[in-house]
Amino acid sequence: SDPQAAQAVLSAGFKNVILAPLDVTHQLSLPDLRVRLREGRREAEGELADFLCDISHFYISAYYKLQHSCVPVHDPVTIAYLLRPDLFKSVETRVDVETQGLLCTGMSIADWTGQTGRAPNCTVLVSVDAPAFNELFAACVERRDAAQASRPNKRARVQTSAETFPPIGSCKGPPSCCPSKEAKEACAVHGAAAAGAPMGA
């Protein structure tokens with residue numbers, strides 16, 4: 001991470017900065033997305049869907065071995081927002097990054113209630129419609145696979161020995177790390193009230 005660079009971006013005066021924090025990406029579930037990809041694939045046009053399922057097996061297993069109970073989806077959130085901003089709830093607020101702290105260097109501090117009196121400098125995504133996100137992701141994969149269905153020399157499957165995972169862990173992190181199903185639903189309904197708190201007061 002680079003706290004100084006992040007703070008430089010947030011203080012540069014850009015007019016349209018969008019932040020997609022972990023509070024949002026942890027509302028999404030890679031195992032759930034993987035199930036959706038498997039449901040949508042067809043034998044004649046499932047190359048990319050198969051590839052994504054194959055490579056995500058190790059990733060999910062690693063999270064469970066580390067005692068996490070949630071496997072979030074991070075990077076695709078950025079593209080999903082560009083394609084379908086209506087899937088997200090957001091709040092305009094002031095966010096700064098701690099660059100001098102002894103214990104919390106790199107922490108993003110959001111002024112949710114305007115206590116500092118400083119003008120908002122970004123838009124923070126606070127919740128996402130997870131089922132709709134999964135449908136969007138799967139639809140993009142299925143369109144690609146359909147377009148490539150007749151292409152010769154397709155990628156060979158990387159078969160895992162068994163479609164099994166380690167036991168789901170019992171996360172010892174903060175509530176935002178591995179939120180329960182109920183917490184994710186609350187975030188989707190209440191937006192900033194539920195999802196914003198972990199970023200700071």
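Trainee: Which side-chain oxygen reaches the backbone nitrogen of Ala132 at the start of α6?

Mentor: That oxygen belongs to Asp129, and it comes to within 3.2 Å of the backbone nitrogen of Ala132. This is a predicted model, in which local features need pLDDT of at least 70 and side-chain atom pairs count only at pLDDT 80 or more, while totals for chains, interfaces and linings use all residues. Residues are numbered from 1 along each chain as its sequence is written, and side-chain values use heavy atoms, with hydrogens and water left out.

Trainee: Which of its residues are buried?

Mentor: The buried residues of α6 are Phe133, Asn134, Leu136, Ala138, Val141 and Asp145, where buried means under 20% relative accessible area, exposed over 50% and partly exposed in between, with a 1.4 Å probe and protein chains only.

Trainee: And what does Glu142 pair with?

Mentor: Glu142 meets Arg36 in a salt bridge, at 3.0 Å from N to O, the term meaning a side-chain nitrogen of Lys or Arg within 4 Å of a carboxyl oxygen of Asp or Glu. The pair links distant parts of the chain, with Glu142 in helix α6 and Arg36 in helix α3, 106 residues apart.

Trainee: Are those two buried or partly exposed?

Mentor: Glu142 counts as partly exposed at 27% relative accessibility, whereas Arg36 counts as buried at 15%.

Trainee: Switching to the core, which residues touch the most other members?

Mentor: In the largest nonpolar core, which has 18 residues, they are Val77, Phe88 and Phe133; such a core is a set of buried Ala, Val, Leu, Ile, Met, Phe, Trp, Tyr and Cys residues joined through side-chain atoms within 4.5 Å. A second, separate core of 8 residues includes Val17, Val95, Ala110 and Cys122.

Trainee: How many disulfides does the structure hold?

Mentor: The structure holds 0 disulfides, a disulfide being a pair of cysteine sulfur atoms within 2.5 Å. As for individual cysteines, Cys53 is buried at a relative accessible area of 1%, and Cys122 counts as buried at 5%.

Definitions and conventions. Helix = DSSP H or I, 4+ residues; strand = E, 2+ residues; numbered from the N terminus. Polar contact = N/O pair within 3.5 Å; in protein donor to acceptor, adjacent residues only side chain to side chain.
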